[in-house]
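Please look over the structure below before reading the notes. The points follow in numbered form.

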Amino acid sequence: MKDLEFFRNATLGQYVDSRSRVHALAPLTKYLGLLALAVPALASRTAYAALAVMALGLLVALAAKVRPAFLLRGLKPALPALALIVALQALLSWPGDASAVLLRLGPIDVTLGELANSARIAARLAALMVTLGLFTATASESQIVHGVEDILAPLSRLGIPAHRFALVVGIAFRFIPILAGEAELIVKAQASRGADFGSGTRNPLRRVKAWLPVLVPLMLRALERSEALVEAMEARGYAGGLRSRLATYPVGPREKALRAGLVLFTLVSAILVSMAPAPFGT
Amino acid sequence: MAFIDVRRLYHRYPGSPVHSLSDISFQIEPGEYLAVLGANGSGKSTLVRCLDGLAEIESGTVRLGGLDPMNADELAQLRARTGLVFQSPADQLVASVVEEDCAFGPENLGLPREEIARRVASALEAAGLLAERSRPAWALSAGQQQRLAVAGALALEPELLLLDEATAMIDPPGRTGFLDLIGRLNAEGATVVHVTHSMDEALRARRVLVLHRGRLVFDGAPGDLFERPELEAWSLSRPVSLEAARRVRATFPEFRPAGQAPSDFRDELARLARLARPARQAKAAPLARAAERAPAASVDAPSDDDALILEKVAHEYLGGTELSRRALDGVSLRARKGELVALVGATGSGKSSALQHGNALLAPSSGQVRILGRDPAAKGADLKALRSRAALAVQRPETALFETCVGDDVAFGPRNQGLRGKPLVERVRSAMERVQLPYAEFRDRPVRALSGGEKRRAAMAGVLALDPELLLLDEPCAGLDPAGRESALALQAALKAEGRAVAVSTHSMDDATRADRVYVLERGRVVAEGSPAEVFLGTEPPPGLERPWAAEASVLLWRAGLTAAPAALDAAALADEALAVLGVPSSGGGPRAAGEGAP
Amino acid sequence: MKKSVVRKIVVAGVLSAVAAFLGLTRLGYIPWFSGASLTVMHVPAIVGAVLEGPIVGAVIGLVFGLTSLLQAAIAPTGPLDPAFVNPLISVLPRLLVGPAAFLAYAAFRGKLEIPALGISGIVGSLVNTMLVVGALALFGFLTWDLFWPVVTANGLPEAGAAALVNVAVVAAWKGVAGRGGKASIAAEEDR
């Protein structure tokens, strides 16, 4: 039942508490940093642009005392999928691809355009992974939640109960490991009663039959635990209103300047990378 | 005026034909420590929920410090003065970091940051968690999490603490720390209302309420309660300390220990013994009993009787990753057919992991496992078939029920075994009847409509319906009321008598004394093993654990030179021992006195 | 159960976690004959909408969409995953799953509780499939002539699975008896 242990690994990134100056920034600043790297990475139309974003991300990682290897290691599980994407790019012929044919294997043409496209997809993914990995390595779970709260704060002032959304995000974060534990218990209980797991059946219908008895009690357990949490929150005086907060993130003039710089960088870099000519019309 | 004033309270869950609380009236003065007892489903938790405005009152009045929980404005004030701690530690954590979770209450009050910081620091300090303030809350032990829940309540600076079975899911050391904290807070002036299944915890209170089927049937001192003949009808039991004293008192009415500690029992017995027979005293045996015994049975060659053998089993979760954790570190144990084996140890000591090797849910990182004579690691081993012969009931198995109707859920296992038609129905019927869920009555009952205790029994029926030769039960008695626990223990004994092998894990040393063999686990190792007498009556208590109350008293009697050797594991045997000291011939040592029982 | 804001917040958070969990562990993907996996990750949004209203459903859909975006960006496992980095494909359609399911449920609930749950599961699921496949086609990741084949091959079984889970979970949670209130083992007694 090796697959059971996988549940415990269900995390989105991992916080690395190296107490660097990057870590000391306010959550809102970190979100702006995330945007400053993610937006140009997404807008990039060439592999070079994406690789430049990735390099920048790795530089910030050094400043944050997060080992670049730690961020790059996450690429490994994605390799098979990347290989598949590249293979598909090569196998299919794309309409309007007029670039030079580099290699001809029987009916398959590998063109320069396809190659560039594959490289761009791979580089873009790598840049995004580094960016997101950097964000989760430098922003703890509660900072991610506080950041959402701070981003939505203006809405709250307008009377939209946006602060509740931050609570939703916080609860969701907290429940992922809880659900992992519940799922493990349920799968073990079912397996102990002779259900089919891990016996490697390939028949999709049988797999559906095996997963339904897991999914249904998992959702029921999730609802039962919500009920318990509702009581715990109400008992501690929460009724959906505005709250004060223990954690504060004082922002000095230098950090304010950094924020302005990040916003500017996001806009300029996004425009620059998306204006760069896409090679070979893809 | 009383601090809590409840008059003619009625409550009914929506759609339910019966009242969950009927005509409840009582008053509590400020600073009282009150315990609320009652069977599973007697209405205890509902009562607490009515006090805190979580459940709607049908009729009657409830006032806490003059505030009415049914009035929205007053409820907010009331909750700002009340701390409520629930049963499941993990269910009540709101934030992911310790201090932020603790701050949740004061944040809701909209207090200024400095005030929140001050309250959080002092609440964590009181709960002994200041050093953990920036740790993730999920990384705490269950006992610590429960103290964090108290800290979260304390940060409200409450006048009233409501505890709803708050100790049910923590191990004995965690429980002691938790109860000591509550005791201190009460001494500092907080009013405490403590709902519990533990009779020993009830003894800490100065006053006890008993609920039975939604009615208040007793309101008085714990000492008086445990003399009442209706105790069993209310699904309660007498604490071992009182039961043993009561049995001695049947012959010696003057036997009245000063308190409930084992040493009080010893002192009182010594006093009477001096009065009765000042001359003769038994000679103390110089040797600890454990040392007299032959070494434990693990040197035996494997035989057909062995249902389960773990041989130097190690298990590492997530081996090779940064999260790797060694759960078992060279555990050897065996369970024979017709034998009941108990695994004891603190949370995280490896009990569950060991049991899960017993039906091949986990495979050892190193070492050997043999289940019913088969090697689950062998090529082509049919694990599915093996698992239904060596059935595991996971912790809180009721959480994994998934069919709509009870009958179908029980039938899940035998259906997977290929049973159909009449034989299937027979299997399901007999399994359900063994756990007192009559088939005709419960077949179509929706699982969601069952009470907590019934759900546990339905889950147990689902395991029994496999008709397994080896049963692995992970904390089968956790969270059950005394009557439920007694019938679960009786079921274990019956299964064993049928020639099945039964292995259970438990936090209760009293439950462990009913086993044929006990394994004590600590940090993934077996640190003691043997018959209950060998494990619990040696010179040293089992590592990291307390002896059962009767065993502790028995050892104290021996240490005081009153008996030749400690031999009692339960109240009846202890009383016989005490009577023998006082010159009354023993009734044959009692059926469960140590020395005879162990094979 | 009285309706409360706190319950809406908690259910939205917890069911969002279920959706994210199903994605992170791949538990939410069921390998299917067509080669592309079936997904039940949108079912929490449907259940949330039915239990706590359209806004809760939309919030769960939002978190589900963001999770699939993050996952496509961080750990792509399929050839179409790069498309899901575009929030117009991964997030926007998912916002509408819950509200659509709620409308379908609201139209039929009352006496026909079980069918209403089934229909809302089917509607919510089909909205998900059609909008996602439509968005994929719109952005050129698929050709439009593949639209109906994909909706048929994956969308219909997904809708069936969503209906099944929605009925099982919500009926059990609300204590509504299905199958005429009888255990299916009753049928075995006469065999």
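1. Being three residues apart in helix H10 (residues 262-276) of chain B, Arg271(B) and Glu268(B) are separated by about one helical turn. Helices here are DSSP runs (H or I, at least four residues) and strands are DSSP runs (E, at least two), numbered from the N terminus. The two side chains form a salt bridge, with the closest N and O atoms 2.8 Å apart; the term requires a side-chain nitrogen of Lys or Arg within 4 Å of a carboxyl oxygen of Asp or Glu. Arg271(B) counts as partly exposed at 33% relative accessibility, whereas Glu268(B), at 8%, counts as buried. Buried means under 20% relative accessible area, exposed over 50%, and partly exposed in between (1.4 Å probe, protein chains only).

2. This is a predicted model, in which local features need pLDDT of at least 70, side-chain atom pairs count only at pLDDT 80 or more, and totals for chains, interfaces and linings use all residues. Residues are numbered from 1 along each chain as its sequence is written, chains are lettered from A and ligands numbered from 1 in the order in which they are written, and side-chain values use heavy atoms, with hydrogens and water left out.

3. A second salt bridge in chain B joins Arg207(B) and Asp219(B), again with a closest N to O separation of 2.8 Å. Arg207(B) is in strand S8 (residues 207-212) and Asp219(B) in strand S9 (residues 215-220), so the pair ties together parts twelve residues apart in sequence. Arg207(B) is buried at 15% relative accessibility; Asp219(B) is partly exposed at 38%.

4. In chain A, Arg225(A) and Glu182(A) form a salt bridge (2.8 Å, N to O). Arg225(A) lies in helix H9 (residues 204-235) and Glu182(A) in helix H8, 43 residues apart. Both Arg225(A) and Glu182(A) are buried. Arg225(A) also meets Asp91(B) in a salt bridge (2.5 Å, N to O). These residues belong to a salt-bridge network of Glu182(A), Arg221(A), Glu224(A), Arg225(A) and Asp91(B).

5. Between chain A and chain B there are five salt bridges. In this interface, 45 residues of chain A contact 64 residues of chain B, contact meaning heavy atoms within 4.5 Å. The buried area is about 5000 Å², with 52% from carbon and sulfur atoms; buried area is the accessible area (1.4 Å probe) that two parts lose on being put together, summed over both. Arg193(A), Arg236(A) and Leu246(A) supply 21% of the area that chain A buries against chain B, more than any other three residues.
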